[in-house]
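Let's take a look at the charged side chains of a protein. Have the sequence and the 3D view open while you read.

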Amino acid sequence: MDAEKLRKRQLKREREHKQKHKSGKRELPDEKAEKQMYEMNVPERGVVISNVSTLFNLDEEICDVTVLTYESPKEVLKLPSKYVNFISEKLKTLVAEETGEIDVTSLDVSIESIEQAISFYHPKNSIKLEDESPFEELLTLCDEWNLLAFRTSIEEYFIEHHQYGCNYFDGDVGPEHIKLFYILEKFNFGNIINMFVEDCCISDDVIKNYKECGLEKLSKELQYEMLKVEILDMLEVKSNRSELHTILNFFNFLVHEDRVVDQYAKNGYKKQIEYGIYEEIKQSDFEEKRFGADVTIIVSDTKLYVNSQILMDNSPVFKRRLENLGDKELVLELPWKNTKEVVLFFTFLTKPCKIERDVDLYALASICQEYQVQWIIDKIGNYISTKVKFGGETYQSLLRFLKLACMIKKEDVVKKLIQILDQPFQLLKMTEEFTWLNTSAKILVARKCLFTLAEESFNESEASLPANRVKFNLLMNEDGCGLLNILQEYSQIEFDFQNDNDEEENLFKILPFAKGTLYSG
């Protein structure tokens, strides 16, 4: 079969194969179906095979090996065993001794692809590689059969001859490049990918049609490397270059190693926060069984007494636990709890208390979250909002408040804190309070600092075009695109980084703060 005929036949089969996939008629065979398929492919059983192809149109009588593909039993490919024996040792071992079959039904490769792969080792009948060649199928066969020489030939084609390959790459990554990148990644051609990524620019067509062009299929690492080159090219931050590299280094660790590297060194001589509230509250108020205190709470072998109605009115968790006791004695154990923190919680439940700076808000918020005491959670949120509103807070305090706001899921407070946080990322990352944040909150801080850096760069650069601002925002703050697509597992969403009090024109898109994203671990 000459190359032109084979190419036309191949294109026809590919169209038919794709149509089968769309209609859902073809499924990969399970064990039972494979057995049936094997039985159907034994000619003596009277199964009608519509087409028997022989390699290079050889005489069928000399072809003693049968290749079973997803197209079997209607079509099979036969070839001489002597052709198999010198191609690769791996392929030789795949021929079943009893039947003389090579079963590749699970590989999803066509007869034409098999013929093209084998033809490489027979120059007389070699089928030339073209941009339309089914590279995924050919490389699948290379890996399965250990066809190292053919794989090297395909690699050279990608570099030297493919119209979207290295030799013809002008630095602008278009949709066709994305398709090629997918194949290069899937079959571990990292050396070729590196040739592209060193100096590339993501085209507007790719950004506008992010999902349609298949960019989401690429690994998050490759997407990030392309995005990083784009950011470095887009932002002209000569004075703050170190700040930019600090932010990108933060994302490097996150994307490539799935970890955050904190730069705060533990200091045993640093004065720890002391909460004066523990000196003021009285544990004795709850250790005596006073009138109405009908519930016994056991914390670390300490018995505390509280009124059941107060517990049930304020906490649905306590309500369920007490109701489940029925007529039994009202005794509840709170294992692994700190007695002082539980006393603090009960003090706020039973007495009118103001929240001041000396209150251990982390302990209080944590217990309120566990027992769903929403009005105290709201009280903590209002306290943070008030402190932020009047200003004068240090960046350390803002980070502490951010930790709290994330704990109690106060989205409006988180938004405001991020907006007014204006210290460089280099400084924030070396702060103890930064290490207290969960990963999603740390990423949000890094994104805010990158946003601020971009805004400064665009304002200072005379050559900066409005289109660059729009492109930056699409790549850095658009759901399903760019950075947010890469960081999906970290619950990142579109975010309004602009300070509402900023009277300057906001040239970046203002987006609402989505719910439920920053509050996992």
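This is a predicted model: local features need pLDDT of at least 70, side-chain atom pairs count only at pLDDT 80 or more; totals for chains, interfaces and linings use all residues.

Residues are numbered from 1 along each chain as its sequence is written, and side-chain values use heavy atoms, with hydrogens and water left out.

Side chains of opposite charge can pair when their charged atoms come close. A salt bridge here is a side-chain nitrogen of Lys or Arg within 4 Å of a carboxyl oxygen of Asp or Glu. That rule gives 18 salt bridges, including these:

| Pair | N to O distance |
|---|---|
| Glu176 and Lys179 | 3.3 Å |
| Glu230 and Lys471 | 2.8 Å |
| Lys387 and Glu393 | 3.9 Å |

Glu230 sits in helix H11 (residues 220–234) and Lys471 in helix H25 (residues 466–476), so this pair ties together parts 241 residues apart in sequence. (Helices are DSSP runs of H or I, at least four residues; strands are runs of E, at least two; both are numbered from the N terminus.)

Are Glu230 and Lys471 buried or exposed? Glu230 is buried at 4% relative accessible area, and Lys471 is buried too, at 13%. Buried means under 20%, exposed over 50%, and partly exposed in between (1.4 Å probe, protein chains only).

Glu176 and Lys179 are three residues apart in helix H8 (residues 175–186), so about one helical turn separates them. Glu176 is partly exposed at 33%, and so is Lys179 at 49%.

There's also a network of salt bridges linking Asp285, Glu288, Arg290 and Lys351.

Finally, Asp170, Asp172, Asp204 and Asp205 gather in a surface patch of negative charge. Such a patch joins like charges within 9 Å, using residues with over 30% relative accessible area and no salt bridge. Asp170 lies in the loop between helix H7 (148–160) and strand S5 (172–173), and is exposed at 64%.

Terms used
Patches are made of residues with over 30% relative accessible area and no salt bridge: like charges are joined within 9 Å, nonpolar side chains (Val, Leu, Ile, Met, Phe, Trp, Tyr) within 5 Å. Accessible areas come from the Shrake-Rupley method with a 1.4 Å probe; for residues, only the protein chains shown count as cover. Lys and Arg count as positive and Asp and Glu as negative; His and the chain ends are not counted. The place of a charge is taken as NZ of Lys, CZ of Arg, CG of Asp or CD of Glu.
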